[in-house]
Amino acid sequence: MSAMQLETLRRIVQEVDAAASLHEALEVMVEQVAEAMGSEVCSVYLLDERNQRYVLMASKGLNIESVGVVSLATGEGLVGLVGQREEIVNLEDAASHPRFRYLPETGEELYKSFLGVPIMYRRKVMGVMVVQNRERRAYTEAAESFLVTLCAQLSGAIAHAHAVGQVDVFRKPSLAKSSKTFQGVPGAGGVAIGRAVVFYPPADLDAVPDRQADDITEELELVKQAIIAVRQDIRELDAKMQESLMAEERALFSVYLRMLDDNALPAEINALIRGGNWAQGAVRKVIESHTAHFAQMEDEYLRERVSDIRDLGRRILARLQTADDQHREFNEDSILIGEEITTAALVEMPLNHIAAIVTTEGAANSHMVIVARALGIPTVVGVTELPVTALDDAEMIVDAHQGRIFVHPIRRLRQRYKEIQKEEQQAAKDLKSYENRETITPDGHPVTLYVNTGLMIDVVRGVQRGAQGVGLYRSEIPFMLRERFPGEEEQRIIYRQQLSHFANKPVVMRTLDIGADKDLPYFSIKEENSALGWRGIRFTLDHPEIFSSQIRAMLKASIGLNNLHILLPMVTSVTEVEEALYLLYRSLAEVQEEEQVKIAVPKVGVMIEVPSILLQMRDLAELVDFFSVGSNDLTQYLLAVDRNNPRVAGLYSSYHPAVLRALNFLVREAHHLNKPISICGEMAGEPTTAILMMAMGFNVLSMSSSNILRIRKTLSHVPLADAKSLLHEVLKMDSAPVIKSWLEHYLIKQGLGDMVKSSLALPTG
Ligand code: PEP
Ligand code: MG
């Protein structure tokens, strides 16, 4: 062996020694050996004695996902041959050997040469190390002895691991440590590496039993500590919200603190504990008696306090129930995992610390995902198999482009994803050059891009990224941030912020769109078939007091700015629009009267989300000024596919020919009726579909602030003429996957491969 080889050998042995576990040692080994020998593949198979199989335990070059999965019987393949013979097998052309066995799962290409060395410990075969090269190659004696020496070193480590029970991986999978991959639905793109923090739904007050206190002093102390902690939580929440909420909007927090005053709720809870109930039961009883009392009040404001009191009760209970709440601490790279996470729950989280979100429920266009996308948090939903409760603090990689979750990832995968993260950061930097410029196609056609907003951060980012207006302000989002319906003045202040940040530019404010997955924490609508239920304008027309107070707040907020547009969600029939317009004009007259000012009449639009509108465009055009397509819901209703149901997520497709043809029809129809039409569903923010939307002639594409720069870059490189001929072609196609790949192929050809999510270089081998 040459001095250089010896040096390499020493280095590898040192690194293997320094590894924290056998797994890591094997990974280091295969990587270093492949590099030192200039081989495309180096793998270690270990013998699982119980099952008499060689399990692929580490590999450089073969498909990462086959590690821990692929195995060979002891008499099978060339690996089996090495084990049986207990000697080196060195072949220039492995495939021509009668014992050769091809394993497609490993992604194994046709590797010509093969060098297999048994890993022996005290005369027993522990496994086999294999080196492979694509080219025909005769491995030298020096190469053989290099591997033999390494295997001898490695065998000691393996024997030790066996002795301490580390090689349990064979016995499939104690999830606690073995790496595993889960597939879900990509939500908001991006990649994250971090540790899981499990999201528990809030404590269930109604589920608390009564129980005799064992030790009254101890129960009193528990309550005392819980109250102190909740007070602190509320102060922190108040401080956290200082940037995004006005002082008046935060008034609720001081109400909470007053209720937590020693003489208020805590005094009542303590009295019950002294009477013998345990702390949790006492909390439930006190809250119950207050809610019953308030629920009977005539005064609506006081009735609304019920939800505040219940919320406080839940907070105290959560503190009592989870002394282990502390372990839900968030670090920089926390990956929030849970069965279902609502938008309201999400916005209460320490958002700066959430690197990614993973849920077992939900689908790509659920509301929480839309908000996560706006916040730039990689999100994967519908990971139905993820064993959430077993994964607290587990290391994870979230590939939200592919919808993949890697739990306890192996080192090499982690490294590869770190590289991908770097590449993405670089790409984001490059995109910055697209801030604040117009969007013009190479053949000189301008395209109007608006931003979808909800949170203040959307507004800030939208302005920064050069949005020419707000195409959809989801007014339900500020409603979700609160503990009760916000009052008119509260709303006015919020709306004013939105309108004034985009002064001189149109701001399209959608009236409250709740129901289905847009649940308010204080007004839950539970329905069997909620997507077809009480939502959007159906709800607000049934609650004209809520609708009118919102319209009045919007009108007041627009005074002097005159850039307000009002958009009606989930419209199905002409009568709904007529009723809404009646309420709107009534509010307008009232506000003008009260404020003694002339208010510019806002333009009013209808969202096209329900297929019935396709057949009523002419009727509606007589009533409203513009149309806006909500393609998220329109797709769901056109295809009869619940946008939140992971089981049918594969059927929900923006590329479905019916969706594309419907959109094309809508644009023609609207223009024929001389009405502008925009699109504010997620299709506008996806490069492939945005090209088609431009070609169809939508007047405005409105999207999440996180997509503006990607879309501007894409459209700046796609001539309108190309887009039109692409549209012409895809409208003739009958298959969604074919349409999708046709468009992706075009982008890749245009040098815009980085705009195509699935082209992301994935680590395979
Ligand atoms: C839509 O349905 O496309 C839309 C924009 O509204 P939301 O996603 O808020 O339902
Ligand atoms: Mg919608």
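Helices (H or I, at least four residues) and strands (E, at least two) are DSSP runs, numbered from the N terminus. By that count, R123 sits in the loop between strand 5 (113-121) and strand 6 (124-133). This is a predicted model, in which local features need pLDDT of at least 70 and side-chain atom pairs count only at pLDDT 80 or more, while totals for chains, interfaces and linings use all residues. Residues are numbered from 1 along each chain as its sequence is written, chains are lettered from A and ligands numbered from 1 in the order in which they are written, and side-chain values use heavy atoms, with hydrogens and water left out.

**Loop residues with positive phi**

- R123 is not a glycine, yet its phi is positive, at about 70°.
- R123 counts as exposed because its relative accessibility is 78%; exposed means over 50% relative accessible area, buried under 20%, and partly exposed in between (1.4 Å probe, protein chains only).
- N436, also a residue other than glycine, has a positive phi near 50°.
- N436 lies in the loop between helix 12 (411-431) and strand 15 (439-440), and at 57% relative accessibility N436 counts as exposed.

**Magnesium site**

- E609 (OE) and D633 (OD) coordinate the magnesium ion (ligand 2) at 2.0 Å.
- These two residues are 24 residues apart and link distant parts of the chain: E609 is in the loop between strand 21 (603-608) and helix 19 (617-621), and D633 is in helix 20 (residues 631-639).
- E609 counts as buried because its relative accessibility is 2%, and D633 counts as buried at 2% as well.
- Donors are N, O and S atoms within 2.8 Å of the metal (3.2 Å for Na, K and Ca); water is not among the atoms, so sites may look incomplete.

- Strand 17 is largely enclosed by the rest of the structure, because 5 of its 5 residues are buried.
- L449, V451 and T453 point one way from strand 17, whereas Y450 and N452 point the other way.
- Strand 17 runs parallel to strand 24 (residues 700-704), joined by 4 bridges; two strands pair if DSSP finds at least two bridges between them.
- In strand 24, L701 stands opposite L449.
- Strand 17 also pairs in the parallel sense with strand 18 (residues 470-474), over 3 bridges, and V451 stands opposite V470 there.
- Between strand 17 and strand 18 the chain passes through helix 13 (residues 456-464) in a right-handed β-α-β crossover; right-handed means that, with the strands pointing away from the viewer, the path from the first strand over the helix to the second runs clockwise.

**Second largest cavity**

- The whole structure holds 4 cavities of 30 Å³ or more; a cavity is a set of points, on a 1 Å grid over the protein atoms alone, where a 1.4 Å probe fits but cannot get out, and lining residues have an atom within 4 Å of a point.
- The second largest cavity has about 90 Å³ of space, a volume being the space filled by probe spheres set on the points, with grid points joined across faces, edges and corners.
- Its lining includes I370, V371, A374, N452 and T453.
- Helix 11 (367-375) and strand 17 (449-453) each supply at least two residues of this lining, and helix 11 gives the largest share, 3 residues.

- An open sheet of 8 strands has the order 7-14-13-9-10-11-12-8, with mixed pairing.
- Strand 7 (180-183) and strand 8 (185-186) are the edge strands, each pairing on one side only.
- Strand 8 pairs with strand 12 (residues 379-381) in the antiparallel sense over 2 bridges, and P186 has V380 as its bridge partner in strand 12.

Conventions: On a 1 Å grid over the protein atoms alone, a cavity is a set of points where a 1.4 Å probe fits but cannot get out, and a pocket is an open set with protein on both sides within 12 Å along at least five of seven lines; lining residues have an atom within 4 Å of a point.
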